[in-house]
Amino acid sequence: MLIKTGIPSPEEIVKVKPGQSRLAKGPVAMVECFQRIPCNPCATSCPAGAIEPFKNINDLPKLNTEKCTGCSACVSSCPGLAIFIIDETYSDKEAVVKMPYEYRPLPEVKSVVEVTNRAGKVVGTGVVIQVVNNKKQDKTAVVSVAVPKELSMEARSIQIRKESTPENTFICRCEEISLQEVREAIAKGYTDFNELKRKLRVGMGPCQGLTCRQLVLTELSMATGQLVEEINLTTFRPPTKPIKISVVAGDGNEK
Amino acid sequence: MKNKADVVIVGGGIHGQATAFNLAQKGVKNVVICEHKYIGYGATGRCAAGVREQFGLPLTIQLAKASMDVTANFKELYGYDIEYTPGGYLWLLYDHRDLELWRRNIQIQNSLDVKSFLLRVEEIRERYPYVNVNGVLAATMNPRDGYVNPFKVLYAYTEMCRHAGVEINTYTTVTDIKTKGGKIISVLTDKGEIETNTVVNCAGGFARRVGKMVGLDLPVKPQRHEMIVTEPVELFFPCMVITGPWYAFQTKPHGSILMGISLPEEPLFDDVDSLQPQSTWHFLEKVLKVAVEIMPVLRNVAVIRQWAGWYEMTPDAQQILGGVPELPGYYMSCGYSGHGFQLGHIAGKLLAELIVDSETSIDISKCDYGRFVRGELMPEPGVIG
């Protein structure tokens, strides 16, 4: 199933779950990697030699749970974000799951977050107890979340925001224009796409509307009843991608 | 669309809207604006939006100062933040003739209560360390000069106009003006006819066309000018840096840097349709080569957009503002030759005074169209480009 949906099946999970006796001893890695691809940073990053060196770079990782110290070095080194540290000894009722996290903003320590399963579905709440984001993590932070013990094999990501609202939904990411601002401007009479651009700066950022153009057009269409293809577009202006001044003009030193 | 109006204004840019708003404020009930595209299509929506008092002719300085009074107090007056960023125009002077000219300009400016002054090279280096002063003799500075966000100004007027009862018709092209017995009787548009005795030509780059509709051959010729804008970077220079043809400034609070250069090789056209407002690689190279020379620190900043607009040039680089004796009821506010946006507030006010009261608080009789016929040109020396 993973190959089609990106979500591993229960049968696959069972194969990589550390044994109950190992889990009872403290933090241990769980490597949820099921696809043979040329990738081995988990093995090369493991300071304990718990992930066996690959004979073939396409091999699936083999974890020796007895050697594993639960240090989490492999968590941020895995480009597939497929490795987690499970600590079922954290407290009587809670386990800690250390997970890779690449979204921003990072959660705050002690904040209550919604915990999601491998499919992204919210399964409960947890408390962030640690966020590690140093140079070594290379922007893949390791977030430790305390969750009810029964969720230790379910909790694999978190959501900071409870729900998306027009205020917190960005339509134009470059200029940080929210859906709410777009709707308010349209309601105020800025129903021309060109006027809306100049009024709000939607599409004026580095991506020049590549991301937001369609979204704004859809909003306009829904508000005015005009078909998207009938709305006058803004002028497509060069350069297609941002270009450094020195690329065109040199650095000003040559004569 | 109304089929009867007290005043029909051709053009929905800063001049059309400021005139309409001031007319409405003076109690004129039926003001109609016809804009052939959307609000912001023309020069207003494409301009650099610099605002300054540093000019050379007493009349221009007087108008610029009066307009600056509105710019600097826009929020208090009307409640809209137009992102006015005073920081001064730092006008770098490279030759002795220019230095002498600007010494004189500064004297005239000071006599009109504009607080401009000359900076020595050491002072420039100290205050603006990122500016390369190689070859610079001195620079002028007037701290009140600066820039605004043209869209904020324009749409503030749009909202104020609509609130005051002005009808703004977008995508409405004026095709002809009907006269009878030396009087205007109506305006023809592609959406229908509007009966009126009063028409204001605020058509910017299309002003010549709107002049021809009543038999006037206005010497207003658009010339392409281009600009670029960079990604936003940390705020580090507060002023507009100008060499004459080249200029750069950083918008606040956004942080992007705008730059342009006037290219003498750009021809003058009859109207914008023949000019083709398109970006060129030629301009990009020219503007950026000066940029890395004058402000080398800019070399690592990325350009994100380039666009073209136009100056509407007259033979003396000055506006046509006022009526014509041959045709009562026909007024013009056009031909601003690249410094029109900043004069919008005052031009709209004066034109509304002229239309309603037949006299103006600042004497603009010399800005009339007739000066070209009489040969009484009044060239403005302080033009960028």
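Predicted model: local features only at pLDDT ≥ 70, side-chain atom pairs only at ≥ 80, totals over all residues.

Trainee: How many bridges join strand β14 of chain B to β18(B)?

Mentor: Strand β14 covers residues 221–230 of chain B, and β14 and β18(B) run antiparallel. One of the pairings sets B:Glu226 against B:Ala308 in β18(B). The number of bridges that join β14 to β18(B) is 10.

Trainee: How many of the residues of strand β18 of chain B are buried?

Mentor: Strand β18 spans residues 302–313 of chain B and is mostly covered. Taking buried to mean under 20% relative accessible area, the number of buried residues in β18 of chain B is 12 of 12.

Trainee: How much area do chain A and chain B bury between them?

Mentor: The contact takes 29 residues from chain A and 31 residues from chain B, and 58% of the buried area lies on carbon and sulfur atoms. In chain A, the residues that lose the most area to chain B are A:Arg198, A:Ile245 and A:Val248, which together account for 24% of what that side buries. Between them, the two chains bury about 2,800 Å².

**The sheet in chain A**

Trainee: Which strands stand at the edges of the open sheet in chain A, and why is one side of each left without a neighbour?

Mentor: The open sheet has seven strands with antiparallel pairing, in the order β1-β2-β3-β6-β5-β4-β7. The twist from one strand to the next averages 40°. Each edge strand has a single partner strand, so one side of it is left without a neighbour in the sheet, and these edge strands of chain A are β1 (28–31) and β7 (157–159).

Trainee: Which residue in β3(A) is the bridge partner of A:Asp87?

Mentor: Strand β2 (residues 83–87) and strand β3 (residues 94–101), both of chain A, pair in the antiparallel sense over three bridges. The bridge partner of A:Asp87 in β3(A) is A:Val96.

Trainee: Is A:Tyr90 buried, exposed or partly exposed?

Mentor: A:Tyr90 is found in the loop between β2 and β3 of chain A. Leaving aside neighbours within four places in sequence, A:Tyr90 is in contact with A:Ala95, A:Val96, A:Ile129 and A:Ala146. With a relative accessible area of 38%, A:Tyr90 is partly exposed.

Trainee: And what is the relative accessible area of A:Pro38?

Mentor: A:Pro38 has its place in the loop between β1 and α4 (41–45) of chain A. Not counting residues up to four places away in sequence, A:Pro38 touches A:Ile57 and A:Asn58. A:Pro38 is exposed, a class that needs over 50%, and its relative accessible area is 60%.

**A helix pair in chain B**

Key:
Residues numbered from 1 in each chain as written. Chains lettered and ligands numbered in written order. Heavy atoms only, no water. Pairing = 2+ DSSP bridges. Helix = DSSP H or I, 4+ residues; strand = E, 2+ residues; numbered from the N terminus. Axes fitted to C-alpha atoms, helices over the stretch in contact; angles between N-to-C directions. Buried < 20%, exposed > 50% of the residue type's maximum accessible area, 1.4 Å probe, protein only. Contact = heavy atoms within 4.5 Å. Buried area = accessible area lost by both parts, 1.4 Å probe.
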